[in-house]
Amino acid sequence: MTAHILDGKKLAAEIRVEVKKGVAEMKATTGTVPGLAVVLVGDNPASKVYVGQKEKACLEAGFASFLHRLPASTPQGELLGLIERLNGDPSVHGILVQLPLPPQIDPDMVIAAIKPEKDVDGFHPVNVGRLMAGLPCCEPCTPKGIMRLLEETGLPIEGKEAVIIGRSNIVGKPVALMLLSKSATVTICHSKTRDLATHARRADILVAAIGKPRFVTADMVKEGAVVIDVGINRLDEGLVGDVDYGPVSEKASWITPVPGGVGPMTIAMLLENTLHQARKPEA
Ligand code: NAD
């Protein structure tokens with residue numbers, strides 16, 4: 001079997017057109033321009049790239065974009081002060097603090113300081129708790145993008161074996177909850193899992209969010225599985241995912257490429273979340 005490609009770039013572009021329409025409609029009907037504040041602390045090269053992509057996407061969609069660049073030496077109190085000001089600024093509907101943060105800053109304190117109604121990453125404990133409880137919430141962008149990609153396959157999720165490799169708060173755990181809410185039977189594997197390949201081979205839906213280039217090899221994949229590669233690994237040869245794309249695409253029914261799979265969907269979901277927060281009366 002040769003896999004169909006789950007084209008995240010194409011789907012993300014379609015979603016961005018819809019968001020742009022939504023922004024224009026909001027401007028026309030309420031006079032409000034949805035605004036996203038992005039805070040970048042320090043000079044992490046990957047963070048700079050991500051922030052640049054997010055700002056460009058924001059402007060293209062018609063949002064107001066407020067970029068705050070702070071030096072790596074910024075004390076925590078100063079960052080918390082900025083967040084407090086952004087929380088109270090009516091032109092700001094979404095606040096995103098790019099992670100990772102320098103060591104003197106506690107990311108959990110920073111995330112908790114953002115008003116849940118202005119959280120667009122879905123990392124605030126209130127939104128995390130609401131996701132856990134199955135209540136409406138701001139869903140984290142990467143897992144939300146993964147679910148949209150799965151929808152694109154047209155395959156039912158109910159009753160399927162879903163195996164997620166990786167248990168991070170930003171990808172592995174939330175995508176597990178979302179798959180569970182769609183009635184998949186979910187297994188979360190991680191660095192201490194024994195006999196990982198046996199778990200992986202059971203998967204109808206296999207999500208790799210590890211951060212190790214080409215970790216998932218063809219022998220770990222069931223014939224016909226849907227394979228979602230979240231990994232972004234920068235090698236001399238360029239960007240590669242956590243999945244050994246060539247051989248795995250000979251076995252999978254659907255597969256996301258890297259680049260052009262989950263990555264563009266993450267940004268599209270950020271735009272959707274920002275528009276959603278701006279539409280809420282309390283934002
Ligand atoms: P993380 O470093 O927080 O977590 C990695 C997870 O992989 C951990 O839970 C760990 O237990 C697991 N792991 C590590 N080694 C393992 C092993 N040998 N066997 C099994 N599990 C193992 O990572 P993260 O933030 O979830 O990101 C994972 C990858 O996804 C990274 O490459 C990251 O760059 C990428 N990412 C991409 C997007 C996107 O938009 N495409 C968004 C977020 C993260």
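**Leu275 and helix α10**

I looked up the contacts of Leu275 first. Leu275 touches Val19, Gly22, Val23, Met26, Pro34 and Phe63, leaving out residues up to four places away in sequence. Contact here means heavy atoms within 4.5 Å. Leu275 is found in helix α10, which covers residues 262–279. Helices are DSSP runs of H or I with at least four residues, strands are runs of E with at least two, and both are numbered from the N terminus. Leu275 counts as buried because its relative accessibility is 5%. Buried means under 20% relative accessible area, exposed over 50%, and partly exposed in between, with a 1.4 Å probe and protein chains only.

I noted the ground rules. The model is predicted, so local features need pLDDT of at least 70 and side-chain atom pairs count only at pLDDT 80 or more, while totals for chains, interfaces and linings use all residues. Residues are numbered from 1 along each chain as its sequence is written, and side-chain values use heavy atoms, with hydrogens and water left out.

Asn273 also lies in helix α10. Asn273 is buried, with a relative accessible area of 3%. Beyond residues up to four places away in sequence, Asn273 touches Val120, Cys138, Glu139, Cys141 and Lys144.

**Helix α6**

Helix α6 has 12 residues, 141–152. At 1.5 Å a residue α6 should span 16 Å, and its end C-alpha atoms are 17 Å apart, which agrees. The expected span is 1.5 Å times one less than the number of residues.

How many residues of α6 are buried? Nine of the 12 are, so α6 is largely enclosed by the rest of the structure. After α6 comes Gly154, with a positive phi near 75°.

I checked Met178 on the α7 side. Met178 lies in helix α7. At 5% relative accessibility, Met178 counts as buried. Its contacts, without residues up to four places away in sequence, are Leu131, Glu139, Pro140, Pro143, Lys144 and Met147. The C-alpha atoms of Met178 and Ala200 are 19 Å apart, for 22 residues along the chain.

**Ligand site**

I moved to the ligand. The shell holds 21 residues, and the closest are Arg167, Ser168, Ser191, Val230 and Thr266. The shell divides into 10 nonpolar, nine polar and two charged residues. Ala, Val, Leu, Ile, Met, Phe, Trp, Tyr, Cys and Pro count as nonpolar, Asp, Glu, Lys and Arg as charged, and the others, Gly among them, as polar. Helix α10 gives the largest share of the shell, three residues.

Next came distances to ligand oxygen atoms. A polar side-chain atom of Thr266 lies 2.7 Å from one. A backbone N or O atom of Ile232 lies 3.0 Å from an oxygen atom of the ligand. For Val230, a backbone N or O atom lies 3.4 Å from a ligand oxygen. Taken alone the ligand exposes 860 Å², and the protein buries 73% of that. Accessible areas come from the Shrake-Rupley method with a 1.4 Å probe; for residues, only the protein chains shown count as cover.

**His124**

His124 sits in the loop between α4 (107–113) and α5 (125–133). Is His124 buried or exposed? His124 is buried, with a relative accessible area of 8%. The His124 side chain reaches the backbone oxygen of Ala112 at 3.2 Å. A polar contact is a pair of N or O atoms within 3.5 Å; within protein, one must be able to donate a hydrogen and the other to accept it, and residues adjacent in sequence count only if both atoms are side-chain atoms. Setting aside neighbours within four places in sequence, His124 is in contact with Ile111, Ala112, Ile114, Pro116 and Asp119.

**Backbone exceptions**

Most residues other than glycine have a negative phi, and most peptide bonds are trans. I listed the exceptions I looked up.

- The Leu99 to Pro100 peptide bond is cis, with omega near 0°. Pro100 lies in the loop between β4 (94–97) and α4.
- The Val258 to Pro259 bond is cis, with omega near 0°. Pro259 lies in the loop between β11 (254–255) and α10.
- Asp195 is not a glycine, yet its phi is positive, about 50°. Asp195 lies in the loop between β6 (185–189) and α8 (196–201), and is exposed at 51% relative accessible area.
- Arg214 has a positive phi of about 55° although it is not a glycine. Arg214 is found in the loop between β7 and β8, and counts as partly exposed at 34% relative accessibility.

Conventions: A residue is near a molecule or strand if one of its heavy atoms lies within 4 Å of it.
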